[in-house]
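Trainee: Could we go through this one together, a question at a time?
Mentor: Gladly, let's take a look.

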Amino acid sequence: MSRTICVTDDTPLEKDFDSRTALAEASRCLLCHDAPCSEACPAGTDPARFIRSLRFKNIWGAAETIRENNPLGGSCAQVCPVNELCESACVRAGLDTPVKIAKLQRFVTEQERKMGMQILKTGPSNGKTVACIGAGPASLACASVLAQQGCHVTIFEQSSQSGGMLALGIPRFRLPQEIIDFDLAQIEKLGVEFRYNTTVSASDLDGLTKQFDAVFIGAGLWKPKTLDLPGKSLDGVIHALDYLQNARRYAPSEKGNRIVVIGDGDVAMDCATTAQALGADSVKLVFCRPIAEASANIAETLLAVSMGIPVVTEFFPQKINGKNGRVTDISFTGADNESVMNLLTDKLILAVGQERSEELASVSRQKGLFSGGDWANGGKTVVAAIAEGKKAAASIIDYLDLRA
């Protein structure tokens, strides 16, 4: 699953706003009619409205706007690609610099967490039951909307925790666990039921559509793609998702390791910055495309570069070399078909994409079955997954004829 962060003059590594600086930044908002920043948010978080509340020192109102529109508003404040969305659309971007919407959202959701607010409320039971497959952003958003409508929602998750890529892939220094936990708690308090360590296959869907009034698939993309290279089975050759999950859970020291990451997407950037943060002796990013054509958000790439990680472009991996069953180096050729490069490495991380797992790869359309998020769109951002989860919930509400 792809994700992005904003790192320009507003790097999340700098100190967050306090009450004084948040109010000062909110005062820069021009209070636009039909605000383009709100139009640019896929999840409909409505920054113009929450910033207006903040200007009047109405923290509860600001938090209410964020949480009601985006059930994962705290997490999105950390990882959303605002440089391509709301901040890019801000009218002030054409005057001086855009309002720092992400930092303001982080401030508001942090106040919400500190004050222990519980904004979302369970709706009166309507007797309808819905199953969501996967506990990532799309399913969580779908479940939140439906629970507020009065449905009983059960989420089936193959791992032992919820959050999807938020909790299993994004490094902790980018997205602290306490922020995820608070977002998840708001959804759990709506009465959403979680069944962990439960894998749902395509053959299970007929039974689920009979047991539940509707079923939503938001399973994400968890099968890593690989490179068909000699030496790909050597010890030390690691798929990106495996690396990120292990790093998030255990934060192992990488001291003494030379690490090469192959890939040009957001996940590749996450792997590189995680390895650097864990103390690797050296980290190098290598990908085939020119840097201007890389699929990663430019902010992700700039973060890697700002951390001192070299980015080598337009080189193609040819062979993974090893000794005694373990990787030692990898050979490349340049796009000009003349240049060659050999990099020593103790760990080679392959960040070349993900796809649907075998369990749900062959799902066919059927009545009462809905889908969204990375599983449906091929892998976009967290905020896009939330938007699709909300859209699917609206479709389920129509399907179940729950409109007032």
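What follows is a set of questions and answers about helix packing, cysteines and salt bridges in this predicted model.

Trainee: At roughly what angle do the axes of helix α4 and helix α7 cross?
Mentor: Helix α4 covers residues 59-69 and helix α7 covers residues 101-114. Their axes come within 9 Å. Angles from 65 to 115 degrees count as roughly perpendicular, and α4 is therefore roughly perpendicular to α7. The crossing angle is roughly 105°.

Trainee: Which residues of α4 make the contact with α7?
Mentor: On the α7 side, the contact is made by Q105, F107, V108, T109, Q111 and E112. By class, the contact of the two helices has six nonpolar, three polar and two charged residues. From α4, the residues are I59, A62, A63, I66 and R67.

Trainee: How many disulfides are there?
Mentor: A disulfide needs two cysteine sulfur atoms within 2.5 Å. The sulfur of C76 has that of C80 as its nearest cysteine sulfur, 5.4 Å away, and C80 is likewise in no disulfide. The count is zero.

Trainee: Is C76 buried or exposed?
Mentor: Buried means under 20% relative accessible area. C80, with 14%, falls in that class. C76 has a relative accessible area of 5%, so C76 is buried.

Trainee: How many residues apart in sequence are E355 and K223?
Mentor: Their side chains meet in a salt bridge at 3.8 Å, N to O, where the cut-off is 4 Å. E355 is partly exposed, with a relative accessible area of 32%, and K223 counts as partly exposed at 29%. E355 lies in strand β14 (residues 354-355) and K223 in strand β5 (residues 223-224), so the pair ties together parts whose separation in sequence is 132 residues.

Trainee: Where is E254, which forms a salt bridge with K347?
Mentor: The closest N and O atoms of this pair are 3.1 Å apart. K347 is buried, with a relative accessible area of 18%, and E254 is buried as well, with 1%. K347 belongs to strand β13 (residues 347-350), 93 residues apart from E254. E254 is in the loop between α12 (240-250) and β7 (258-262).

Trainee: Which residues does N257 touch, leaving out those up to four places away in sequence?
Mentor: N257 is also found in the loop between α12 and β7. At 18% relative accessibility, N257 counts as buried. Its contacts, with heavy atoms within 4.5 Å, are A280, D281, S282, D346 and K347.

Trainee: How many salt bridges does a search of the whole structure find?
Mentor: The search of the whole structure finds 13.

Technical notes. Residues are numbered from 1 along each chain as its sequence is written. This is a predicted model: local features need pLDDT of at least 70, side-chain atom pairs count only at pLDDT 80 or more; totals for chains, interfaces and linings use all residues. Side-chain values use heavy atoms; hydrogens and water are left out. Axes are lines fitted to C-alpha atoms, for helices over the stretch in contact, and angles run from 0 to 180 degrees between N-to-C directions. Helices (H or I, at least four residues) and strands (E, at least two) are DSSP runs, numbered from the N terminus. Angles under 35 degrees count as roughly parallel, over 145 as roughly antiparallel, 65 to 115 as roughly perpendicular and the rest as oblique. Ala, Val, Leu, Ile, Met, Phe, Trp, Tyr, Cys and Pro count as nonpolar, Asp, Glu, Lys and Arg as charged, and the others, Gly among them, as polar. Buried means under 20% relative accessible area, exposed over 50%, partly exposed in between (1.4 Å probe, protein chains only).
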